[in-house]
Amino acid sequence: FSSCSGLTHESHRKDVEQVYLRCSEGSIEWMYPTGALIVNLRPNISPASYKHLTVCIKPFKDSAGANIYLEKTGELKLLVRDGERSPSRVYCFGYDQGGLFVEATPQQDISRKITGFQYELMSKGVAADLHTASAPCRPCSDTEVLLAVCTSDFVIRGSIQNVTNEAEEQESIIHVGVNKLYRQKSKVFQLTGESGNWRGQIKTLLECGVKPGDGDFLFTGRMHFGEARLGCAPRFKDFQRMYKEAKDKGLNPCEIGPD
């Protein structure tokens with residue numbers, strides 16, 4: 001987490017401050033923005049790996065007071081316009097496409113403004129998986145399901161208890177009852193209540209039209225800005241079939257107890 005303020009020094013319109021961030025994920029909060037910030041993402045990995053990285057940013061819901069640009073060799077490309085209200089919008093670009101240039105917009109009263117966003121650095125393969133632009137609601141093939149089991153941040157067997165639709169954010173929240181937890185990167189799925197049941201929430205696009213249904217599913221997906229995002233989710237009996245077929249042929253990419 002990095003926090004800075006436009007009022008902590010003698011402010012001049014042309015002031016440009018540099019911020020260096022070493023973490024692969026975090027957030028920036030710029031209070032009372034004046035002038036501009038150059039955000040330098042310098043993860044603790046070999047520079048040779050930079051070309052394989054994707055940067056994603058998610059502005060805070062009430063972020064205001066500055067435009068966010070992608071900057072490379074002095075050229076600016078507008079990424080997020082000041083006041084743009086897209087609650088769940090995530091903006092992604094290749095690490096080698098440039099850095100972030102955050103420029104304060106003229107304000108009558110800057111003390112009321114705070115510009116902020118979360119950021120994540122990830123491999124390009126993971127980012128492409130998160131933002132399947134062509135067909136985000138398309139069912140996964142057998143091969144994609146088996147690969148998702150090996151590479152996802154969470155893999156669970158569970159049932160859909162309820163689905164809450166958020167029209168403003170164009171998202172659906174799937175409330176999941178967990179029958180078996182194979183893997184989770186973050187503690188999204190937890191024991192709740194005296195009954196000792198595991199529960200959790202997974203988000204997906206509203207356009208995918210997820211509805212409560214009977215039976216168990218294999219839910220896979222990735223953590224993205226602290227939230228579980230749905231990847232492949234076949235019915236569990238279908239997953240058992242494809243896993244057995246692949247195992248019989250010696251083609252399953254990793255071992256997982258499908259029972």
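**Disulfides and cores in a predicted model**

Author: In this predicted model, the sulfur atoms of Cys-140 and Cys-232 lie 2.0 Å apart and form a disulfide.

Reader: What is the handedness of the disulfide between Cys-140 and Cys-232?

Author: The answer rests on the torsion about the S-S bond of Cys-140 and Cys-232, which is about -90°. Because of that torsion, the disulfide of this pair is left-handed.

Reader: How many residues apart in sequence are the parts that Cys-140 and Cys-232 tie together?

Author: Cys-140 is found in the loop between helix H1 (124-130) and helix H2 (142-151), while Cys-232 is found in the loop between strand S16 (227-230) and H3. The pair therefore ties together parts whose separation in sequence is 92 residues.

Reader: Is Cys-232 buried or exposed?

Author: A residue is called buried when its relative accessible area is under 20%. The relative accessibility of Cys-232 is 9%, so Cys-232 counts as buried.

Reader: How many disulfides does a search of the whole structure find?

Author: One of them joins Cys-150 to Cys-254, with an S to S distance of 2.1 Å, and another joins Cys-56 to Cys-92, with 2.0 Å from S to S. When the bonded cysteines are counted along the chain, the disulfides follow the pattern 1-2, 3-6, 4-7, 5-8. The search of the whole structure finds a total of 4.

Reader: What is the handedness of the link of Cys-56 and Cys-92?

Author: This link joins distant parts of the chain, since Cys-56 belongs to strand S5 (residues 53-59) and Cys-92 to strand S8 (residues 91-94), 36 residues apart. With 105° about the S-S bond, the link of Cys-56 and Cys-92 is right-handed.

Reader: In which strand is the place of Leu-79, and how far is Leu-79 from Ile-68 in space, C-alpha to C-alpha?

Author: Leu-79 has its place in strand S7 (residues 75-80), and its relative accessible area of 16% means that Leu-79 is buried. Beyond its neighbours up to four places away in sequence, Leu-79 touches several residues, including Ile-57, Ile-68 and Leu-100. Leu-79 and Ile-68 are 11 residues apart in sequence, and their C-alpha to C-alpha distance in space is 5.5 Å.

Reader: Which residues touch the most other members of the largest nonpolar core?

Author: Nonpolar side chains tend to be buried together in soluble globular proteins. The largest nonpolar core here has 25 residues, and those touching the most other members are Leu-41, Ile-57, Leu-100, Val-102 and Phe-117.

Methods:
Residues numbered from 1 in each chain as written. Predicted model: local features only at pLDDT ≥ 70, side-chain atom pairs only at ≥ 80, totals over all residues. Heavy atoms only, no water. Core = buried A, V, L, I, M, F, W, Y, C linked by side-chain atoms within 4.5 Å. Buried < 20%, exposed > 50% of the residue type's maximum accessible area, 1.4 Å probe, protein only. Helix = DSSP H or I, 4+ residues; strand = E, 2+ residues; numbered from the N terminus. Contact = heavy atoms within 4.5 Å. Disulfide = S-S within 2.5 Å.
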